[in-house]
Amino acid sequence: MIKTFTHETLLRYVYNELPAKEHQQVEHALLHDAELAASCADLLLAQRALNDLRRAPSQRTTDSILQYSRTFLRKE
Amino acid sequence: METMQPSDSALISLYIAGQEDAFAQLLERHKARVFTTIMLIVRDEDVAEDLLQDTFIKAVHTMKSGRYNEEGKFSSWICRIAHNLAIDCFRREKRSPLLNLDTTSHAFNSLSLAEEGAEAALTREETHARLRELIQELPAAQKEVLIMRHYGDMSFQEIADATGVSINTALGRMRYALINLRKKMAAQPVFYDQNLYPRDAAPVRVQRIAS
């Protein structure tokens, strides 16, 4: 019998927070439950869209932080 | 062959022992996530750059003074610092706002028009700008969980602890945040236009599992 999963469990699955056994159970269910797979795909698409927003700071800021760290070391 | 990357814990130990290169690696590994977390709260690039510096300066002080607590993940810890600084700043700015309230233009725009077609780059940037607006429109509690989980790399339990709610509440807020975003995105089909993504982009995991 295929176990049913809540949306909260699915959320923890896509964020890799489930214990190994439960993780496997979800993966097994995804193979047989089209509705669950569709919900999961929606979450993964949302994740991908959110990932695309990730941006790095300027090199100047990165350099300033590294410089601060090196200076701090010398003060010690 | 893929080389093994040292863990954050290993890098912290090396850094405390005096190896500055280890800190450079930590910074490289986490700066984009932390910067994005801050940007989504303060919505001003210059302020975000300043707060990113403040965040890592606090981390430097804590680690070099031997006060770093190894119990949690570095990624969650650094993002909690960033989140707190950004929220403090946001509240201050709300009381006396800066003139720069533009949330859609250059702030996140690091795209080079030379790297892809100008039209595709513009469409992509517009899509990203709209998505950032949609995130801003979320109820505060949902937005907070979304930023902490997605960009801050905090677990739902860590978010629950940090915000004083149960893990089920944190999960519920994230669920509704994504549902809200999805509804708004679905109302604007551009978000699911496959032309926005490269043709060779990795398929979502469900597709891989089902094949």
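1. In this predicted model, the contact between the two chains draws 40 residues from chain B and 37 residues from chain A. On the side of chain B that touches chain A, at least two residues each are supplied by H2, H3, helix H5 (118-137), helix H6 (140-151), helix H8 (167-186) and helix H9 (205-210) of chain B. H2(B) gives the largest share of that side, with 10 residues. Sorted by class, the side of chain B that touches chain A holds 22 nonpolar, eight polar and 10 charged residues.

2. As for the overall make-up of chain B, the chain contains nine helices and zero strands, and along the sequence the pattern reads α-α-α-α-α-α-α-α-α. Of the 211 residues in chain B, 29% are buried. Among the contacts in this chain that link residues at least 6 apart in sequence, 65% join residues at least 24 apart.

3. Chain B is divided into domain 1 (7-98) and domain 2 (113-198), and 10 residues of domain 1 are in contact with 10 residues of domain 2 within this chain. On the side of domain 1 of chain B that touches domain 2 of chain B, the elements giving two or more residues are H2 and helix H4 (74-95) of chain B. That side of domain 1 comprises three nonpolar, five polar and two charged residues.

4. The largest nonpolar core has 57 residues, and those that touch the most other members are Ile38(B), Val42(B), Ala48(B), Leu51(B) and Met174(B). Helix H2 (residues 20-42) of chain B contributes the largest share of this core, 10 residues. Because domain 1 (7-98) and domain 2 (113-198) of chain B both give residues to the core, it lies between them. As general background, nonpolar side chains tend to be buried together in soluble globular proteins.

5. How do the axes of helix H7 (residues 156-163) of chain B and H8(B) cross? They come within 8 Å and cross at roughly 105 degrees, which means that H7(B) is roughly perpendicular to H8(B). In this packing, Phe156(B), Gln157(B), Ile159(B), Ala160(B) and Thr163(B) from H7(B) meet Ile167(B), Thr169(B), Ala170(B) and Leu171(B) from H8(B). The residues of this contact of H7(B) with H8(B) are six nonpolar and three polar, with no charged residue.

6. Two backbone details could be checked by eye. Most residues other than glycine have a negative phi. Asn16(A), however, is not a glycine and has a positive phi of about 55 degrees; this residue sits in the loop between helix H1 (7-14) and helix H2 (20-32) of chain A. Asn16(A) is exposed, with 8 other C-beta atoms within 10 Å.

7. Arg43(B), also a residue other than glycine, has a positive phi near 55 degrees, and is found in the loop between H2 and helix H3 (45-64) of chain B. Is Arg43(B) buried or exposed? Arg43(B) counts as buried, because there are 22 C-beta neighbours inside 10 Å and the cut-off for a buried residue is 20 or more.

Definitions and conventions:
Residues are numbered from 1 along each chain as its sequence is written. Chains are lettered from A and ligands numbered from 1 in the order in which they are written. This is a predicted model: local features need pLDDT of at least 70, side-chain atom pairs count only at pLDDT 80 or more; totals for chains, interfaces and linings use all residues. A nonpolar core is a set of buried Ala, Val, Leu, Ile, Met, Phe, Trp, Tyr and Cys residues joined through C-beta atoms within 7 Å. A residue is buried if 20 or more other C-beta atoms lie within 10 Å of its own, exposed if 12 or fewer, and partly exposed in between; C-beta atoms are placed from the backbone. Helices (H or I, at least four residues) and strands (E, at least two) are DSSP runs, numbered from the N terminus. Domain bounds come from an automatic or database domain assignment. Two residues are in contact if their C-beta atoms, placed from the backbone, lie within 7 Å. Ala, Val, Leu, Ile, Met, Phe, Trp, Tyr, Cys and Pro count as nonpolar, Asp, Glu, Lys and Arg as charged, and the others, Gly among them, as polar. Axes are lines fitted to C-alpha atoms, for helices over the stretch in contact, and angles run from 0 to 180 degrees between N-to-C directions. Angles under 35 degrees count as roughly parallel, over 145 as roughly antiparallel, 65 to 115 as roughly perpendicular and the rest as oblique.
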